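Visitor: I would like to learn how to read this structure, feature by feature. Please give the general idea where there is one, and then the case at hand.

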Amino acid sequence: MRNATEELGAVAGKKPRVAVHKFSSCDGCQLAFLNLGEALLELGRVVEIVHFVEAGPVDAYADVDIAFIEGSVSTAHDAVRIKDIRERSRFLVTMGACATSGGIQALRNLGNGGDWLESVYASPEYIDSLDQVSPISQHVSVDFELWGCPVNSRQIIAAVRSLLLGVPPVDANEKVCLECKRNQTVCVMVTRQALCMGPATRTGCGALCPSFGRACYGCYGPAENINGAALAQWFAGLGAVSAEVADRFQMIYSQSEALSETAKDYRQRSGEDRD
Amino acid sequence: MTDNKEIRISIPALARVEGEGALDVVISDGQITDLKLRIYEPPRYFEKFLEGRMYHEVPDIVARICGICPVAYQMTAVQALESICDVAVTPWIRDMRQVLYCGEWIQSHSLHMHLLALPDFLGFNSIMEMAADYPQEVQRGMRLQAAGNDLMSLLGGRSVHPVGIIPGGFSRAPEAVAVSRMVDTLAVATDDAQQLLRWLVTLDLPVVEQQFVSVAMRSAPAYPLYQGRIISSQGLDIDKQEFAEHFSEFQVPHSTALHCLLDGQAYLVGPLARLNLNHDCLPEHLQVLLDELGIQFPVRNMFCSVIARAVEVCYALHEAQRLLEQYRLPDQAAVAVIPRSGVGFGCTEAPRGVLWHRYELDDTGRIVSARIVPPTSQNQARIEDDLRQSLTAHGLERDEDSLRLMGEKVIRNYDPCISCATHFLKLSVRNESVLVPEKSPIEDDIAFDKTTSSVAVIGVGSAHGADQLGYDVIRWLEKNDSVQRADVAVYYLDHFDMSFIKHIAAVEQIIFVDAMQAGRAKGSLIMVKGKDKDVSTRQANISSHEMGLQEYIVWLQTMLDEGVDISVIGLDTGGDAAWCYQEKDIQAVAMAILKMLSS
């Protein structure tokens, strides 16, 4: 990322301007702001929120210091809009799986978008829908990525605080397993033969699913340096058929290279041609 | 002001609603001649990519349809899946699902009332502004919202996309100590909620009495939430299996959300419809409170929806507290599910109203097909009806800002959840900026007056490669002063924009000029008449840039008077976006346009 100290140092004197933009998404990541409670009002005092449609302010074309982007690019119009936002924003931060990696709706990239369109719509010609759903970084440069489906308020506040202080936010890319060990959560893969994505998934959720006795399904996205092949082999060893292994690797982050490589391999083994 | 003034109001981005939507209204001769609630949230195809997935993945996938009401989707899905697999859940599971669902109602309603609706009634743009004048009320609202979130986290682990719900029950039972702490929080929240209700009835809400059909679930003597039959204020009383026989969804050009009608007519779902049909099922203390406050259901004023939400928050807090006070750790938090083939239905009351799912499973537990009908697509037709009535009652002669604000208030009242409504849908129109040079030399030359122009020639494009063709043709017409007719106006348009329509509202003929991609040889002259529907029914994109010229034309056809002649003319780029056409190519298009204008 660019030199944050230099860039936002200049901002320290005046109220930084913040925008929250929505693309194709479920709106859940914006709730990381809207669920802040008192802290939302506090945030409104330290920064100027100039565009945040769901919260009220509308000024899509404002120049801002930080733009938070929720959602993925899935129409031609989206592709134009994100370029425009990039030009008007000093820092652009993607929040959540959709913006960062395409999100769950990118599963349609594995199918045939055109066929789907026609199977759902009586009049497909009304519909503007690109064949492929893509993350923001495929269209413009992104300064920082917040992973998670959904991101939580803690991540948002930490990112805003870092940027206001003029330091790059910390990228939490270690694996869920480490969090489980720290929490002393019993391993669900070892004790319950659960197909846990923890060894390949970023922390940030607090290792929520294992603490609920269930397998992590990877909602915080791929961690750094994962060994997908080895994990998939474990799944197969636990009795999962190839299609199941592939689906496990391709749910919310189906566009992640690290995950889709393994998924592709297992789809081939299962004889499916979805990829 | 003249009698025949025509007003076009458009709200290109609806603030304080969940998702992306817009409103277009056309008023002429003191009547609303056209009104469209446009939803342009892109399609997300959930039903399609559920196909082939295992049944146990469904709750985590459908949660992602909506970040504000994920539990509603999870609950409805597990209900349907369990019915296929013939699973009977324990009373503990049933009760805790009720509690979790209450948490979502509290969270969603509190968020809507305080962050989205109340700023309207009190004259603010956002809760941040409102907090300066109403600090206590805002803090109370945030405490209620937090109580709902905490309740969801207790059973689900987190409030957005919770992880606790699985087919068969819960993945974990909360510890008794956490539950008893929650009961304390609920007691405080109950007090807050009743104060909120008492305060809301003192507000000066608009009064617009309307006739409408209410649809809700019914599970008397209990207030409906997780189960029940589907009833209406006109005597409908059906089981969830029969939903599709009475309710039908269809696509309209201006919305990516399907419209849903009950036996062909618009209807209301959500808090007000629920209370209108189930007020007798509220706990006694709440009925007493409503009597004391002088609130009598059924209510015909849609603006009372905000009061209905507060009543439901009181109910949900009471219900959660009642069930958690008798909490015991269960022997098992979930029962076993053995997948089998079949078709199953789920129907519950989401915060915004009836939510209906249908799934088909194969014998290995894979989804064969899925269908989801969310509350907002059901309310769409009703919202448009309401807007027509409310704006007319408000006074169509009022200034545009006043009408616009009223329109927004009416829509927000329904708490439309557009992400839900477009879980797979998307539409054609966009709210892009439009390039209409303020002092276009051509406009000056021909003394453009939109009341006398009957033809609009619109060059579509950008300053890149072959896409400049539209502009160049207009420039050529301008330079050569070749348009002899005084009633022809010309435009440069860089993006398709609904607001552009005001410039061409009165014309009889529209000619779009653009670089094309119709699969012909480079430089072929292509003319497509919009009138003979060739444009609107073509599957392939005729436009070289991706901005959806066809969709724009389809939209124009729905917005403009019938009989407006729309055509498209241009040169095929042969797929070469960087094609450098010659002056003679520009001239060829220009001459073709002049020929069209002289005929």
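Visitor: What share of the contacts in chain B with a separation of 6 or more comes from residues 24 or more positions apart?

Guide: This is a predicted model. In chain B, 76% of the contacts with a separation of 6 or more are between residues 24 or more positions apart. For chain A the corresponding share is 71%.

Visitor: What percentage of each chain counts as buried?

Guide: In chain B, 55% of the 599 residues are counted as buried. In chain A, buried residues make up 56% of 275.

Visitor: Where does B:S377 lie, and is B:S377 buried or exposed?

Guide: B:S377 is part of helix α12 (residues 375–394) of chain B. B:S377 counts as buried because it has 26 C-beta neighbours inside 10 Å, and the cut-off for buried is 20 or more. The C-alpha atom of B:S377 is separated by 25 Å from that of B:P119, 258 residues apart along the chain.

Visitor: Where is B:Q265, and why does B:Q265 count as partly exposed?

Guide: B:Q265 sits in the loop between β10 (259–262) and α9 (271–278) of chain B. B:Q265 counts as partly exposed because 13 C-beta neighbours lie inside 10 Å; a residue with 12 or fewer would be exposed. Between the C-alpha atoms of B:Q265 and B:D467 there are 45 Å, and the two are 202 residues apart along the chain.

Visitor: Which residues of helix α16 of chain B are buried, and what covers them?

Guide: The general idea comes from helix geometry. An α-helix has 3.6 residues a turn, so residues three or four places apart point the same way. In helix α16 (residues 469–479) of chain B, the buried residues are B:L469, B:G470, B:Y471, B:D472, B:V473, B:I474 and B:L477. Their cover includes the strands β14 (455–460), β15 (488–493), β16 (509–516) and β18 (565–572), together with helix α20 (583–598), of chain B. Just after α16(B), B:D481 has a positive phi of about 45°.

Visitor: What describes a pair of packed helices?

Guide: Two packed helices are described by the angle between their axes and by the distance between those axes. In chain B, helix α6 (residues 135–156) packs with helix α7 (residues 176–200) at an angle of about 145°, and the axes are 9 Å apart. The crossing of α6(B) and α7(B) is left-handed.

Visitor: Which residues meet between α6(B) and α7(B)?

Guide: From α6(B) come B:E137, B:R140, B:R143, B:L144, B:A147, B:D150, B:L151 and B:L154. On the α7(B) side, the residues include B:A178, B:M182, B:L186, B:A189, B:L196 and B:W199. By class, the contact of α6(B) with α7(B) divides into 11 nonpolar, 2 polar and 5 charged residues.

Visitor: At what angle do helix α4 and helix α13 of chain B pack, and which residues meet?

Guide: Helix α4 (residues 91–122) and helix α13 (residues 400–413) of chain B pack at about 145°, with their axes 10 Å apart. α4(B) passes α13(B) in a left-handed crossing. B:L116, B:A117 and B:D120 in α4(B) meet B:K409, B:R412 and B:N413 in α13(B). Of the residues in this contact, 2 are nonpolar, 1 is polar and 3 are charged.

Visitor: How do helix α11 and helix α12 of chain A pack?

Guide: Helix α11 (residues 228–237) and helix α12 (residues 242–249) of chain A pack at about 135°, with their axes 10 Å apart. That angle makes α11(A) oblique to α12(A). The crossing in which α11(A) passes α12(A) is right-handed. A:G228, A:A232, A:F235 and A:A236 in α11(A) meet A:V245, A:R248 and A:F249 in α12(A). The residues of this contact comprise 5 nonpolar, 1 polar and 1 charged.

Visitor: What domains does the assignment give for chain A, and how many residues does each bring to the contact?

Guide: The domain assignment of chain A gives domain 1 (4–165) and domain 2 (176–270). Domain 1 of chain A brings 15 residues to the contact, and domain 2 of chain A brings 13. Helix α5 (residues 97–101) of chain A supplies 3 residues, the largest share of the domain 1 side. That side of domain 1 of chain A has 8 nonpolar, 7 polar and no charged residues.

Note on methods. Residues numbered from 1 in each chain as written. Chains lettered and ligands numbered in written order. Predicted model: local features only at pLDDT ≥ 70, side-chain atom pairs only at ≥ 80, totals over all residues. Domains from an automatic or database assignment. Contact = placed C-beta atoms within 7 Å. Helix = DSSP H or I, 4+ residues; strand = E, 2+ residues; numbered from the N terminus. Nonpolar A, V, L, I, M, F, W, Y, C, P; charged D, E, K, R; others polar. Axes fitted to C-alpha atoms, helices over the stretch in contact; angles between N-to-C directions. Parallel < 35°, antiparallel > 145°, perpendicular 65-115°, else oblique. Left-handed = near helix turned anticlockwise from the far one by under 90°.
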